[in-house]
Structure formats: C-alpha cells, structure tokens
Amino acid sequence: MADATGTPGLPVAAGREKDKEGRRRWAARCGFAVLGIMSTLLVYGVLQEKIMRVPYGAEKEFFRYSLFLVFCNRITTSMVSALVLLASKKSLGPVAPIHNYCVVSVSNILTTTCQYEALKYVSFPVQTLAKCAKMIPVMIWGTIIMRKKYGGRDYFFAVIVTMGCSLFILYPASVDVNPFNKGRESTVWGVSLMLGYLGFDGFTSTFQDKLFKGYDMEIHNQIFYTTMCSCLLSLTGLILQNHMIPAVDFMFRHPDCFSDVVILSSVATASQFFISYTIRTFGALTFATIMTTRQLVSILLSCVWFVHPLSWMQWVGAAIVFGALYTKSFLRSKPQRPAATSPSQGSSPNSANNS
C-alpha cells in the first residue's frame, strides 16, 4: 500500500526540478551565444565602417588598403584555430587536398575585399541589407555545385527579400548629413561590388558545404587551412600591389587606426567560435534568427552612430526584408517534409565572417 504522506509524488517533484534546471541551463547557454554573436559582430560592423569611411588624423586621410584588413583578420583567425587544434590534441594535417582549401580561400578573399571596398561607395546600412539577398546566389551555386533542389517557398522568399533590398538601395534619403561622405558615394560602383560580394560569398559557403559533406572534416581544420591560404594569397596581393609598406606606414602614423584593426581582427576571430558554438548547440534555425536580429540592430546602430538618415521607402524595404526572414525562420521551425533544401542550410559557419 502506498504511503499516504505523498511519497509517490517525490519522483514527480524531482523530475520537475530537473526540467527547471535544464531550462535554466539552456537559457544560460542561449544567452551566452546571443551575447557573444551580437557583441562581436556589432563591434565588427561599426569598426569596419569606421576604418573604411572615416578619415584619420588632422590631414583627414582615408584608409584605402582593404586587402590589408583581410590579411590581418585571416592571420589572427589561423593562429587561434591552430591553438584550438593543438589544445584539443587534434591533428593539424589536411583532411582534403590543399587545392580545395585554396579554392575556398580565393573566393573568401574576393568576398571580403568586395565587402570592404563597397563601404567606400555605399553606406553600411545599404551594404548590410544587401547581404540579405545572398539567398539567390546560394541557390544558384547550390544547384550547380551540389545538385540541390529548392522548393517554391524558398524561391518565393528569395524574390521577396531581393525586392526589399532593391527598394532600400534604389530609394536612398535625399540628404546624408554624414560629413565624411561627400564625393565618395557611388551607387553604381557600390552595387557592382555588392553583386561581386554576393556571388563570391554564395560560392564560398556552397563549396565549404561540399567539403564538409565530402570529407570527415572538423570545422577548425577547415578554418585553419582556409585562413592560412588566405594569409599567403592576401600577403602576395599586398606585395604585388605595393600596398604592404604603405598600409604599415599608415598604422604607424595613425595609432588609433592600428587599434581599430587589432580590435576588428580580434572580434572577427571571436565571432567564428561563437557562431560555431551556436550552430553546434542550437542548430541552424536559432543561428539564422540571431543573425537576422543582428543585421537589424547593426543597421539601426549605424544610422545613429554614423548619421545615416533613411527614407520612408528604405524603411519599407527593410520591413519587407526582415519580415520575410523572420517569417521564413518561423515556418522552418515547424515540422515539414524533407523534400527541399533551404538555401540558408548550405552556409558554413566560416562564411559568416562576412556577415
């Protein structure tokens, strides 16, 4: 006979307490991931706009060596990834043929260079929102390289997001009161560089996805070899263009620029590990939602910090883009048939450095 004092209820109470503890741990891990991604990438966004668009010193000199920023970012990431591999006692040997890493590296360098160069001609809010249109190139490259098939819903959201981005780019505010923009705005060049960014970034993430599926590859192994190749290639480019010495000289003449570059490279590297942790712990859906929120906050922060007024058509375009992205994330959270592959699932964590 059961004890009338309620002893049989003890396992139930213990189970509830265990569930509460599990929820608290989940909330703490989720908060850690959100804080890490938001803080590092927000700082990254503000600094890249400051370095490329705000003059330094009394002479009002602009920093013009975008490939140097690529080199600094990649050498920092390669060193940290090597330390992680050594600390975890994992092999530093290449898993895939070196030329595969080089393909990703070349594409990634072109992606990041287009991203930095575009900031000379368009504002950060325009660039950030334009990145949301990467679904279309990812779908194109996924069809060509991975032979993937996408459903009607994916094409629908890709078109809607592209329409919102087009509104944002084509209908800017009549006056940008930022004093550093005079004579530097060029929508044609800026849009051309952003199209280059979208095409190369779509190829990069798709080819990375192919490497992960084709080889038993640990993420830090790919980051290490890809960034090492990027270091060598970007260094070669700097030497051939005779930009290495002028870039270093600029740092010596403007110590505040040197500090900005050091912080930029540090947060870019830190963001890679937060992104990796988030995808591994919570999955691609949670990561996509965090990144969408980060883009929205980045645009608002840039508008306030660097005085970028938005026209009412740009507000409409932004609402269309983020409304479509959040709706897509909500629909993906529901159980659905595994018939089609979402283009955002093809993105590798390493490509998020360009977000």
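Tutor: The chain exposes about 17,100 Å², and carbon and sulfur atoms supply 69% of that area; accessible areas come from the Shrake-Rupley method with a 1.4 Å probe, and for residues only the protein chains shown count as cover. The model is a predicted one, in which local features need pLDDT of at least 70 and side-chain atom pairs count only at pLDDT 80 or more, whereas totals for chains, interfaces and linings use all residues. Residues are numbered from 1 along each chain as its sequence is written, and side-chain values use heavy atoms, with hydrogens and water left out.

Of the 355 residues of the chain, 50% count as buried (buried means under 20% relative accessible area, exposed over 50%, and partly exposed in between, with a 1.4 Å probe and protein chains only). The chain has 12 helices and 0 strands; these elements are DSSP runs, of H or I over at least four residues for helices and of E over at least two for strands, numbered from the N terminus. Among contacts (heavy atoms within 4.5 Å) between residues at least 6 apart in sequence, 87% join residues at least 24 apart.

The interior itself can now be described. A nonpolar core is a set of buried Ala, Val, Leu, Ile, Met, Phe, Trp, Tyr and Cys residues joined through side-chain atoms within 4.5 Å. The largest such core has 28 residues, and L129, V161, C165, V321 and L325 have the most contacts inside it. At least two residues of this core come from each of α3 (98-118), α4 (124-131), α5 (135-145), α6 (152-170), α7 (187-214), α11 (284-305) and α12 (312-332). Neighbours within four places in sequence aside, L129 is in contact with G164, C165, F168, I299, G317, A318, V321 and F322. A second, separate core comprises 27 residues, among them Y65, F68, F250 and V261.

C165 counts as buried because its relative accessibility is 4%. The structure holds 0 disulfides, a disulfide being a pair of cysteine sulfur atoms within 2.5 Å. C231 is in no disulfide, and the nearest cysteine sulfur, that of C229, is 9.2 Å away. C231 also counts as buried, since its relative accessibility is 6%.

Helix α5 contains I140, which is partly exposed because its relative accessible area is 47%. I140 and G202 are 62 residues apart along the chain, yet their C-alpha atoms are separated by 8.2 Å.

Most residues other than glycine have a negative phi. K60, in the loop between α1 (10-53) and α2 (66-87), has a positive phi near 55 degrees. K60 is exposed, because its relative accessible area is 52%. N242 lies in the loop between α8 (219-240) and α9 (244-253), and its phi is also positive, near 60 degrees. N242 counts as exposed, given its 55% relative accessibility.

Finally, confidence: pLDDT is the predictor's confidence in each residue, from 0 to 100. The chain has a mean pLDDT of 79, with 82% of its residues at 70 or more. Confidence is lowest in α11, at a mean of 70, and highest in α9, at 94. Over residues 338-342 the pLDDT stays under 50, and the model has 12 contacts beyond four places in sequence for them. The pLDDT is also below 50 over residues 344-353, a stretch with 31 contacts beyond near neighbours in sequence. Where pLDDT is low, the predicted coordinates should not be read in detail.
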